[in-house]
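User: Please walk me through the aromatic rings of this model. I am new to it.

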Amino acid sequence: MEALGIYLLKTSAIIFVFWTIYALFLQKETTFVENRYFLLFGILTAILLPFLRIKKTVFVELTPATTSNVLPDKNMMDTLSTGSLDWPSLLFWTYLLGCLVFFIRFALQLYSIKRLTKDAHIWKEEDLMHVETEEKIAPFSFFKSLFYYPKQFEGTQLQVILQHEKVHARQWHSADVMLSELLKVLLWFNPLIWLYQRTIQQNLEFLADAQAVAHFNKKSYQYLMVNQAAGHQIAITNSFYNSLIKKRIVMLNKNQSKRMNALKSLLVLPLLAIFLVGFGTEKVYLFTSVSDGATAKSDAKVEVVIDKNTTDEELTTIKNDLAKEGVDFSYTTVRNENREIIDISLDIAGKGENGASFKNSHNSTDSENGISPLVVFIDLENNLVSIGTKGAYAPKVTKIKKGEGTVWISSEDNE
C-alpha cells in the first residue's frame with residue numbers, strides 16, 4: 001500500500017509539472033501539433049517515470065546495532081488493534097472503490113457509443129466509417145468513425161462539420177483522449193488530472209479547427225460553431241460542439257506562432273531531471289569494515305562465533321552474510337527447553353579468491369547445558385575453513401559476533 005501511495009504521488013507531481021509548463025508557456029501559442037505531443041508525452045512520463053531508478057552506492061562502516069528483547073504486552077497489542085482505526089487500509093480500499101466507479105463510468109461511455117450504431121446507417125468513405133444515427137446527437141468522431149444525425153443540417157453545414165471531425169479521426173485524436181481517461185481512472189482523486197484531460201481535448205479542438213478552416217470561409221466556419229444547436233455529447237469523444245467555442249474562435253483568429261516557440265516545452269526536461277534525482281534515486285548500501293578512516297574491500301578472512309545462546313535469527317544472519325562472500329553455510333541444531341543449542345551440525349563450502357574450492361564439516365554434541373562456544377574461521381585468500389573451540393584462533397579479522405540482544409560485525413579481535 002505504501003509503494004502504491006508513493007507511485008500515485010509521483011505520478012501526480014509529474015502531471016503538475018507538465019500542466020504548469022503548458023499553462024505558463026504553451027497554451028497561448030498556435031503550435032497545436034507540438035502542444036499535442038507535449039501533453040501526450042506528459043501522460044506517458046507520469047505513468048512510466050516513477051518506475052525508473054538511479055542507483056547510488058553508499059559505503060557504510062559497520063557499527064554495533066542494539067536490539068531490544070522486550071516484547072509488547074499482549075493485552076496492549078490487542079487494545080491497539082481493536083481500539084484504533086486502520087487508516088492506511090481505509091484509504092487503500094477507498095481509492096480502489098473510486099477506481100472501480102470511474103472505470104465503470106468509462107465502460108458505460110464506451111457502451112453508449114456502441115449503442116449508437118444500432119439501427120444506424122453505416123457506410124465507408126476511404127479509411128473512415130460514417131455512422132448516420134437515428135438519434136439527435138452532437139456530431140463527433142471516435143477513432144476512425146464519424147457519428148452524426150444528418151437531418152439536422154442544411155446546405156454545406158454538414159460538410160464543414162465533417163471536415164473538422166475527419167481531422168480528429170485521421171490523426172487518431174481519440175487515442176489521446178482515451179489515454180487521459182484511463183489516467184483519470186488511476187488518479188480520480190486529483191483535481192489536476194481532470195483539468196489536464198480538459199486541456200488535451202481543448203488543444204485537439206484547436207488543432208482540428210486550424211486544419212479544417214483551410215477548406216472553408218473562416219467567418220462562415222465560426223458562424224456555424226456559434227449558431228448550430230448541439231445535441232447529446234459523450235465525454236470521451238471529439239465533438240464539433242462544446243463549451244470551448246469562445247476560446248476556439250479566439251485561437252482561429254490569432255496570428256500563427258513561430259515554430260521555434262514550441263521549444264519552450266524543453267523547459268520540462270531540467271524539471272524532470274531534478275525530479276528523477278530527488279525522488280528516483282535508490283541508495284544501495286555496501287557495508288565495509290573500515291577502521292581509522294581507511295577504505296576496506298571485501299574481507300578475505302571471516303571468523304564466526306557460535307555458542308549455545310545463538311538464536312535461529314542470528315544463524316540466519318550469519319548464513320546470509322557468508323552467502324554474500326560466496327560461502328555456503330548449512331547447519332542443523334537441536335535445542336533444549338531453554339532454547340539453548342545442545343547439538344549442532346555444520347557444513348561449510350565455498351571458493352577462495354583464486355577459484356579453488358574448500359569445505360569442512362563439524363558435529364558438536366554436549367550435555368543438556370548446551371554446546372561449548374565454536375569458532376568458524378574462513379580464509380578466502382588461502383582457501384581455508386577451520387572449525388574449533390573458541391580461543392583456538394585469535395587473528396584480527398572481520399567477525400560476526402553474538403552478544404546479549406545484539407548481533408554486529410566488528411573488525412576488533414577482542415572478545
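Aromatic rings in the predicted model

Analyst: In this predicted model, one aromatic cluster is formed by Tyr95, Phe102, Trp188, Phe189 and Trp194.

User: How many aromatic pairs are there in the whole structure?
Analyst: Two rings pair if their centres lie within 6.5 Å. With that cut-off, a search of the whole structure gives a count of 14.

User: How are the rings of Phe102 and Trp188 arranged?
Analyst: Their centres are 6.0 Å apart and their planes meet at 20°. Planes under 30 degrees apart count as stacked, so Phe102 and Trp188 are stacked.

User: How many residues apart in sequence are the parts that this pair ties together?
Analyst: Phe102 belongs to helix α4, residues 87–116. Trp188 is in the loop between α6 (173–186) and α7 (191–212). The parts tied together are therefore apart in sequence by 86 residues.

User: What kind of pair do Phe143 and Trp172 form?
Analyst: The centre-to-centre distance is 5.8 Å, with 65° between the planes. An angle over 60 degrees counts as edge-to-face, so the pair of Phe143 and Trp172 is edge-to-face.

User: Is Phe102 buried or exposed?
Analyst: Its relative accessible area is 17%. Buried means under 20%, so Phe102 is buried.

User: What is the relative accessibility of Trp172?
Analyst: Trp172 lies in the loop between α5 (157–170) and α6. It counts as partly exposed, and its relative accessibility is 43%.

User: Which residue lies over the face of Trp194?
Analyst: Trp194 is one of the members of the aromatic cluster. At 4.2 Å from its ring centre, over the face, lies Lys184.

Conventions
Residues numbered from 1 in each chain as written. Predicted model: local features only at pLDDT ≥ 70, side-chain atom pairs only at ≥ 80, totals over all residues. Heavy atoms only, no water. Helix = DSSP H or I, 4+ residues; strand = E, 2+ residues; numbered from the N terminus. Buried < 20%, exposed > 50% of the residue type's maximum accessible area, 1.4 Å probe, protein only. Lys NZ or Arg CZ within 6 Å of the ring centre and 35° of its normal.
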